[in-house]
Amino acid sequence: MAVLSYVAVALLATLGAWLYPPVQHAALMLGIRPFESTANVHGIETKFIADTVACEDLEYHAPSGMLYTACAGDVETTRTWMPGAGALERPDRPAYGTIVVIDPVTMKSRKLSLGNFKGSFSTHGIALYTPPSKPKVVYIYAVNHVPNPRWVLGSKTEPKVASQIELFIHTVGSDTAQHLRSIIHPLIRTPNDLLAISEKEFLVTNDHYYREGPMRVVEELNRVQSWTDLIHLRFDDKSVDAAVALNSIPTNNGLGWGPNDQVVIGDAMGGYVYFASLPDAKNRTMSISHSIPIDCIVDNANYFTDPYAGVDGKDYSGYLMPGLSNGLGFVSAFEDPALKAPIPGQVWYLPAIAGKDRNVDGKKLRKLIFKDDGHSIRSITTAVIVAIDPAKNGGKRQGWLFVTSVIGASMLATKIDFETVLV
């Protein structure tokens, strides 16, 4: 009887802890999901985009209607050299990736030739900027995890990686992107994602303080202190000026534009999406309005602007939060030499009001719109919706949900019905 009593008490304690929201949320980030269905959630029709290997980020360029991504181009290389995922095994074998443009109508991809660019290109986050008066000009910022040439085996003073930001200029429709410069600064340490403010100004998140080792794990699990930060950079031909704009989010990750110059920030291991302002003109700091918990490791959060909201009076604009659903299993699956271990992920949606009004209970409005067990796409890092013109679609309000993967063989696109999926 005593043993049964102890077991009963233990079970009740476990259940009680699980029912406590913060504990339950933390467990979900680690992949502990005992009451969750294992069934995939896909759209009406699913396609895979050719020549989009290991593309971590994705940006929609509204003036041209094209999608832009930066791809490492080889999953085996990514497995052993992707500092953002803690993979630092082979600094002698970095990726030589490129920028890829995708037509969301034809689903065809096109690799851009990188002019005036030499060396490795180990890709991660990207950002686009188009001057209002030049709709065909695209400035492309891209993270490049370059191996540190000063590092040698056993070095205790030099890190293995010396990450920097590359800036390219591209004309819509052309097959090239001309490299303008590399942007290097001591505050750019572990860059993850970017937000382009102009051709001379951008934001970048540092996703970790520790690049590798056990303290990196401690950092990811710690919710009391923040060791990551968000950097505001301005530059010209002579100098690079940088300042810490925000340092209160424990695991800074993805960046995206919200409506009215709002900045959307993903807190990866925390499983939160934050809504903030642009840096203040005087002190260059950012203010957070509010945050909403999401039941996945939030990666590159962004905002979908419904271009056909006036057609039927329904506006499906909202926020997309993609990410992994099993934090504990990610590292071992990422390191699988067979490149087959599944890495499950999800995409969540929030209607626009949840990010605009801090008094709205966003937790009640969030909705799971895509889920994969890691077999169709190995990891989920970014999600972008491209709406289909209802005039060319029988009046139906639908769109393509594009989903990327940092170590996947290809990008995935699945057609969704807005009235069914986003409401």
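## Exposure of E36 and its salt bridge

In this predicted model, E36 is partly exposed, with a relative accessible area of 30%. Its salt-bridge partner is R33, and the closest N and O atoms of the two side chains are 2.9 Å apart. R33 is buried, with a relative accessible area of 14%.

## Further salt bridges

Across the whole structure, the search finds 21 salt bridges. One of them joins R150 to E158, with 3.5 Å between the closest N and O atoms. R150 is exposed, its relative accessible area being 55%, whereas E158 is partly exposed at 25%.

Another salt bridge pairs E220 with R216, where the closest N and O atoms are 4.0 Å apart. Both residues belong to helix α4, which covers residues 214–221; because they are 4 residues apart there, about one helical turn separates them. E220 is partly exposed, with a relative accessible area of 23%, while R216 counts as buried at 8% relative accessibility. Elsewhere, salt bridges with shared partners bring R33, E36 and K371 together in one network.

The structure contains 15 aromatic pairs. In one of these, Y129 and Y139 have ring centres 6.4 Å apart and ring planes at 35 degrees, so the pair is tilted. This pair connects distant parts of the chain: Y129 lies in strand β7 (residues 123–129) and Y139 in strand β8 (residues 137–144), with the two tyrosines 10 residues apart. Y129 is buried, with a relative accessibility of 17%, and Y139 is likewise buried, at 15%.

A second example is formed by F202 and F235. Their ring centres are 6.2 Å apart and their planes meet at 65 degrees; the pair is therefore edge-to-face. Here too, distant parts of the chain are linked, since F202 is in strand β12 (residues 201–206) and F235 is in strand β13 (residues 229–235), 33 residues apart. Both F202 and F235 are buried.

## Ring cluster and a charge over a ring

Ring pairs also join F117, F121 and F168 into a cluster. What sits over the ring of W348? The charged end of R366 takes that position, 5.6 Å from the centre of the ring.

## Summary of the contacts

The salt bridges described here include the R33–E36 contact, the R150–E158 contact and the contact between E220 and R216 within helix α4. Among the aromatic pairs, Y129 with Y139 is tilted, whereas F202 with F235 is edge-to-face.

Definitions and conventions
Residues are numbered from 1 along each chain as its sequence is written. This is a predicted model: local features need pLDDT of at least 70, side-chain atom pairs count only at pLDDT 80 or more; totals for chains, interfaces and linings use all residues. Side-chain values use heavy atoms; hydrogens and water are left out. Buried means under 20% relative accessible area, exposed over 50%, partly exposed in between (1.4 Å probe, protein chains only). Rings of Phe, Tyr and Trp (its six-membered ring) pair if their centres lie within 6.5 Å; planes under 30 degrees apart count as stacked, over 60 as edge-to-face and the rest as tilted. A charge sits over a ring if NZ of Lys or CZ of Arg is within 6 Å of the ring centre and within 35 degrees of the ring normal.
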